[in-house]
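Let us walk through this chain step by step.

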Amino acid sequence: MPYKDPEDRKQQGKIYYLKNREKILKRSKEHQEKNKEKIKQYKKQRYMINREKILKEREKYYQENKDYILEQHKQYKKDRIEQHREYKRQDYRKRKKWLNGYKILKGCSICGYNRSPAALEFHHNGGKEFTIGECSSYGLKRIKKEIAKCIILCSNCHRELHEKKRKKMITKEGINAKSKTQ
Ligand SMILES: [Zn+2]
């Protein structure tokens, strides 16, 4: 028996672990992957058998560390909100970039203007479900579907068109015909 002293054995085990850490972790991971279902079943069984005890211990731990746990929860929530905001920001940029590219590509259906996306607008030819804008909370897929019902107009042509529409000088069919010819 090389290690009679349990302290000594513990120490040697520690050294062995540190020396072969990579190898041990890899083997352990492989074992876990291979026996995924079995381990899951085993854990479930253990839980069912020791349920009362586990719940009691959990409750005890909670009571003893209440402040810490609540603080952790608060932090987690804060992080999630920040994460969500960042996701929204990215989504907004992505949508804006795509919409701007689309506007420039199409240009005004009446006069052909295509210099600045800021001066190009979506005009619905009917069947409007929502206004298209980068602030819209809908995904790109849904926005693209809505865009299919629109033509692009520059701000000037858009204002003019709405004025004419107000004066009933032009019908919806008229705009459709015009946008198709360009
Ligand atoms: Zn125009």
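Read along the sequence, the pattern is α-α-α-α-α-β-α-β-α-α. That makes 8 helices and 2 strands. Here helices (H or I, at least four residues) and strands (E, at least two) are DSSP runs, numbered from the N terminus.

This is a predicted model: local features need pLDDT of at least 70, side-chain atom pairs count only at pLDDT 80 or more, and totals for chains, interfaces and linings use all residues. Residues are numbered from 1 along each chain as its sequence is written.

The chain has 182 residues, and 10% of them count as buried. A residue is buried if 20 or more other C-beta atoms, placed from the backbone, lie within 10 Å of its own; it is exposed if 12 or fewer do, and partly exposed in between.

Where do buried residues gather? The largest nonpolar core holds 12 residues, among them Cys108, Leu120, Phe122 and Ile152. Such a core is a set of buried Ala, Val, Leu, Ile, Met, Phe, Trp, Tyr and Cys residues joined through C-beta atoms within 7 Å. Strand E1 (120-124), strand E2 (150-154) and helix H7 (155-166) each supply at least two residues of this core. E2 gives the largest share, 4 residues.

Now take Ile152. Beyond its neighbours within four places in sequence, Ile152 is in contact (C-beta atoms, placed from the backbone, within 7 Å) with residues including Lys106, Leu120 and Phe122.

Lys106 belongs to helix H5 (residues 66-106). Lys106 counts as partly exposed because it has 19 C-beta neighbours inside 10 Å. The C-alpha atoms of Lys106 and Ile151 are separated by 8.6 Å, though the two residues are 45 apart along the chain.

Terms used:
Contact = placed C-beta atoms within 7 Å.
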